[in-house]
Amino acid sequence: MSFLNRLTRPNANNTSPGVATIALPSPAINSSRGKSPSSYFNGGSQYGANEVGAGQVSGTINTATGAMTNERPLYLCQPFVKAALVKGSLRTITALPKYVDPNEWVAVNIVDFFNHINLFLGIISEHCTRDRCPTMSAGPGMDYTWTSGPNKKQLKVPAPEYTDYVLTWTEKLIGDESVFPTKAGREFSPNFPTTARHVYTQLLRIFAHIYHAHFHQILHLSLEAHLNSFFAHFLVFGLTFELLDPKECRAPREGWGFVVGDLLDAWRALGIIEA
């Protein structure tokens, strides 16, 4: 029996009516996974008590972006950058279990990340609106566009619309047996690694937007340790299984700040992510 056969499929999420008018992106990933092996909203399980580093923050908060005026972004400042729930090496929870097919392990974790990112988006939904987030931005020069139709037209859409497209597309892939097989005797497609990388890229962009535009709201709810542990886990898993596109981790121009690359560098310097 497949390892994935013991997992239940995620529940369908409500999506906006406009989603049906957008063609799915070229990557075709079909699948479904079940209950997540870890929880970032439960102080118990494998995660220990909240560990927060010492330090103070000075400066004026830009309430539109959560960044400090004339200072580093809040997510890079002490004590927030060190806030975490995970104790020990993240390699422990990302390592491939013995006797488990690598494709199945990647699929299980993608569904886990998908389910948890849904929870975080629900938390910020009243703040991530068309008016407040007119583009899917992750910083200066980092406005993501959605690919639509057979001509692959690039559409600049508001952040909530973009994330809705991503989640709807991903859920359809997760529910497709031809890419994410759960029945006995079904094998993963040879194209599954490519599809998994496409999904990972889209989820990475959602993380980048949350940190850039909504980290101050995460702080207001005292959820920075939960988000940091979740994102660090996501990054380490992506690095371990080669799911991260290097171009998606850095700003388009040398010297520009960017959420993903800056947090990678900061967490490596702090030993949160192993270099």
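In this predicted model, the side chains of Thr135 and Asp143 are joined by a polar contact of 3.4 Å. Thr135 sits in the loop between α2 and β3, a strand of residues 136-137. Thr135 has a relative accessible area of 19%. The cut-off for a buried residue is under 20%, so Thr135 counts as buried. Leaving aside residues up to four places away in sequence, Thr135 touches Asp143, Lys156, Val157, Pro158, Ala159 and His209.

Two of these neighbours also pair with each other. Asp143 and Lys156 form a salt bridge through their side chains, with an N to O distance of 3.9 Å. Asp143 belongs to strand β4 (residues 143-144), and Lys156 to the loop between β6 (153-155) and α3 (159-174), so the bridge ties together parts that are 13 residues apart in sequence. Asp143 is partly exposed, at 34% relative accessibility. Lys156 is exposed, at 53%. Asp143 therefore takes part in a polar contact with Thr135 and in a salt bridge with Lys156, while remaining partly exposed because its relative accessibility is 34%.

The structure holds 5 salt bridges. One of them joins the side chains of Arg205 and Glu248, at 2.8 Å from N to O. Arg205 is part of helix α4 (residues 192-220), whereas Glu248 is in the loop between α5 (224-240) and α6 (259-270), so this pair ties together parts that are 43 residues apart in sequence. Both partners are out of the open. Arg205 is buried, with a relative accessible area of 14%. Glu248 is buried too, at 12%.

Another salt bridge connects the side chains of Arg250 and Asp265, at 3.0 Å from N to O. Arg250 comes from the loop between α5 and α6, and Asp265 from helix α6, so the bridge ties together parts that are 15 residues apart in sequence. Arg250 is partly exposed, at 38% relative accessible area. Asp265 is also partly exposed, at 37%.

Helix α6 itself has 12 residues. From its first C-alpha to its last, α6 reaches 16 Å, close to the 16 Å expected at 1.5 Å a residue. Its buried residues are Val259, Val260, Gly261, Leu263, Leu264, Ala266 and Trp267. The cover over these buried residues includes α4 and α5. In an α-helix there are 3.6 residues a turn, so residues three or four places apart point the same way. Just after α6, Gly271 takes a positive phi of about 80°.

Helix α3 has 16 residues. Its reach is 22 Å from first C-alpha to last, close to the 22 Å expected at 1.5 Å a residue. Of its 16 residues, 13 are buried, so α3 is largely enclosed by the rest of the structure.

Asp112 has a relative accessible area of 0% and is buried. The side chain of Asp112 makes a polar contact of 2.9 Å with the side chain of His116.

Cysteines were also examined. A disulfide is a covalent bond between the sulfur atoms of two cysteines. The search of the whole structure finds 0 disulfides. Cys77 is buried, at 11% relative accessibility. Cys249 is buried as well, at 8%.

The overall fold can now be set out. The protein chain has 6 helices and 6 strands. Along the sequence, these follow the pattern β-β-α-α-β-β-β-β-α-α-α-α. The protein chain counts 275 residues, and buried residues make up 50% of them. Among contacts with a separation of 6 or more, 75% link residues 24 or more positions apart. The accessible surface of the protein chain comes to about 13100 Å². Carbon and sulfur atoms account for 51% of that surface.

Definitions and conventions. Residues numbered from 1 in each chain as written. Predicted model: local features only at pLDDT ≥ 70, side-chain atom pairs only at ≥ 80, totals over all residues. Heavy atoms only, no water. Buried < 20%, exposed > 50% of the residue type's maximum accessible area, 1.4 Å probe, protein only. Polar contact = N/O pair within 3.5 Å; in protein donor to acceptor, adjacent residues only side chain to side chain. Salt bridge = Lys/Arg side-chain N within 4 Å of Asp/Glu carboxyl O. Helix = DSSP H or I, 4+ residues; strand = E, 2+ residues; numbered from the N terminus. Disulfide = S-S within 2.5 Å. Contact = heavy atoms within 4.5 Å. Areas by Shrake-Rupley, 256 points an atom, 1.4 Å probe, with all protein chains shown as cover. Expected span 1.5 Å × (residues − 1).
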